[in-house]
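Colleague: I have a chain with a ligand on my screen and a few things to ask about it. Can you walk me through it?

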Amino acid sequence: MSRNAAVGAALAEAPIELDLELAPVAPFRAEIPSEEFRTLRTRLEQLQATRPIQTVLVASPSRGDGKSFTAVNLALAEAQLDDDPTLLCDFDLRTPSLHSVFRIDRSPGISDYLLGKADLPETMRRIGNSNLFVMPAGQAVINPLELLHLKEVRRLMDRLRKGFRRILLDSPPLLAASDANLLAGLADGALLVTRMGFTTPDSMSRAIGSLGQDCILGILANGTSPVPSGRL
Ligand SMILES: Nc1ncnc2c1ncn2[C@@H]1O[C@H](COP(=O)(O)OP(=O)(O)OP(=O)(O)O)[C@@H](O)[C@H]1O
Ligand SMILES: [Mg+2]
């Protein structure tokens with residue numbers, strides 16, 4: 001085994017040392033997620049009996065469909081209903097938003113870790129006193145797709161799997177770039193968010209084709225009511 005491969009193997013095996021008391025705490029007051037998101041979380045739990053769903057990509061065809069909204073609320077529901085820590089990662093390295101939602105610094109985050117500029121624990125922010133940890137996108141990079149092709153991304157996911165029961169990945173639109181496609185290959189499955197009145201049949205079928213039917217855990221119709229209704 002080459003030296004690099006040995007270092008890679010060691011990284012993959014090292015557990016994340018998450019000190020729940022010492023982890024940086026974001027001053028976000030977590031709202032209680034709506035019943036729909038708690039139901040969605042319960043559906044995921046039920047689905048888990050039939051297939052592993054530790055890492056879930058939240059994807060949609062276009063901008064503004066509600067990916068981040070869904071990812072945030074589902075993560076809050078997970079953290080509220082589960083004793084184990086939940087991680088929400090902002091893999092929309094193009095137009096990240098989770099740092100604004102939770103009012104945390106964007107960096108250090110995912111890109112900084114992948115570029116070797118930050119250690120894993122310092123990229124995570126604990127939200128309030130909750131079980132929710134957020135990994136912001138990190139500093140802006142010129143070519144996010146190139147970064148997502150690095151072997152370090154898979155190693156990162158392997159490390160995260162050891163520390164969290166559920167990992168949610170926010171992502172850029174499927175039809176705008178290949179980032180979400182690539183991320184789907186690293187996740188156990190994807191939730192496909194659609195926006196009622198905006199998502200066309202054509203963009204819907206292109207999004208499904210791009211993810212692949214086997215990858216899709218469920219399709220969410222956002223905008224039917226004040227909050228999305230989940231269908232798994
Ligand atoms: N069901 C909803 N109820 C209320 N507001 C919503 C709902 N869904 C989305 N929004 C709001 O609509 C806006 C766009 O949603 P969001 O940012 O989640 O979309 P997105 O798919 O992540 O977009 P992008 O691809 O640009 O990141 C946000 O201000 C969000 O808070
Ligand atoms: Mg978003």
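Modeller: A word on terms before the ligand: helices here are DSSP runs of H or I with at least four residues, numbered from the N terminus. Also, this is a predicted model.

Colleague: Fine. Which helix gives the largest share of the shell around ligand 1?

Modeller: Helix α3, residues 67-81, with three residues of that shell.

Colleague: And which residues come nearest to ligand 1?

Modeller: R63, G66, K67, S68 and F69, out of 18 residues around the ligand.

Colleague: How do the shell residues divide into nonpolar, polar and charged?

Modeller: Six are nonpolar, eight are polar and four are charged.

Colleague: Back to α3. Is the helix mostly covered or mostly open?

Modeller: Mostly covered, since 12 of its 15 residues are buried.

Colleague: How far does α3 reach from its first C-alpha to its last?

Modeller: It reaches 21 Å over 15 residues, close to the 21 Å expected at 1.5 Å a residue.

Colleague: Now α2. How do the axes of α2 and α3 cross?

Modeller: At roughly 70°, and the axes come within 9 Å; α2 covers residues 35-47. Because angles of 65 to 115 degrees count as roughly perpendicular, α2 is roughly perpendicular to α3.

Colleague: Which residues meet there?

Modeller: From α2, F37, R38, L40 and R41; from α3, N73, L74, A77, E78 and L81. By class, that contact has five nonpolar residues, one polar and three charged.

Colleague: Where does Q80 sit relative to R38?

Modeller: They are 9.1 Å apart, C-alpha to C-alpha, and 42 residues apart in sequence.

Colleague: Different topic. Where is there a cis peptide bond?

Modeller: Between S107 and P108, with omega about 5°. P108 lies in the loop between α4 (98-101) and α5 (110-114), and S107 is found in that loop too.

Colleague: What does S107 touch?

Modeller: Leaving out residues up to four places away in sequence, S107 touches D112, G138 and Q139.

Colleague: Why does R103 count as exposed?

Modeller: Because R103 has 11 C-beta neighbours inside 10 Å, and the cut-off for exposed is 12 or fewer.

Colleague: I also marked R159. Where is it found?

Modeller: R159 is in helix α7, residues 151-163. It is partly exposed, with 19 other C-beta atoms within 10 Å. R159 and L120 are 39 residues apart in sequence and 9.2 Å apart in space, C-alpha to C-alpha.

Colleague: Last one, the whole chain. How many helices and strands are there?

Modeller: Nine helices and eight strands. Buried residues make up 41% of the 232 residues. Of the contacts between residues at least 6 apart in sequence, 80% join residues at least 24 apart.

Notes. Residues numbered from 1 in each chain as written. Chains lettered and ligands numbered in written order. Predicted model: local features only at pLDDT ≥ 70, side-chain atom pairs only at ≥ 80, totals over all residues. Near = placed C-beta within 6 Å. Helix = DSSP H or I, 4+ residues; strand = E, 2+ residues; numbered from the N terminus. Nonpolar A, V, L, I, M, F, W, Y, C, P; charged D, E, K, R; others polar. Axes fitted to C-alpha atoms, helices over the stretch in contact; angles between N-to-C directions. Parallel < 35°, antiparallel > 145°, perpendicular 65-115°, else oblique. Contact = placed C-beta atoms within 7 Å. Buried ≥ 20, exposed ≤ 12 C-beta atoms within 10 Å, placed from the backbone. Expected span 1.5 Å × (residues − 1).
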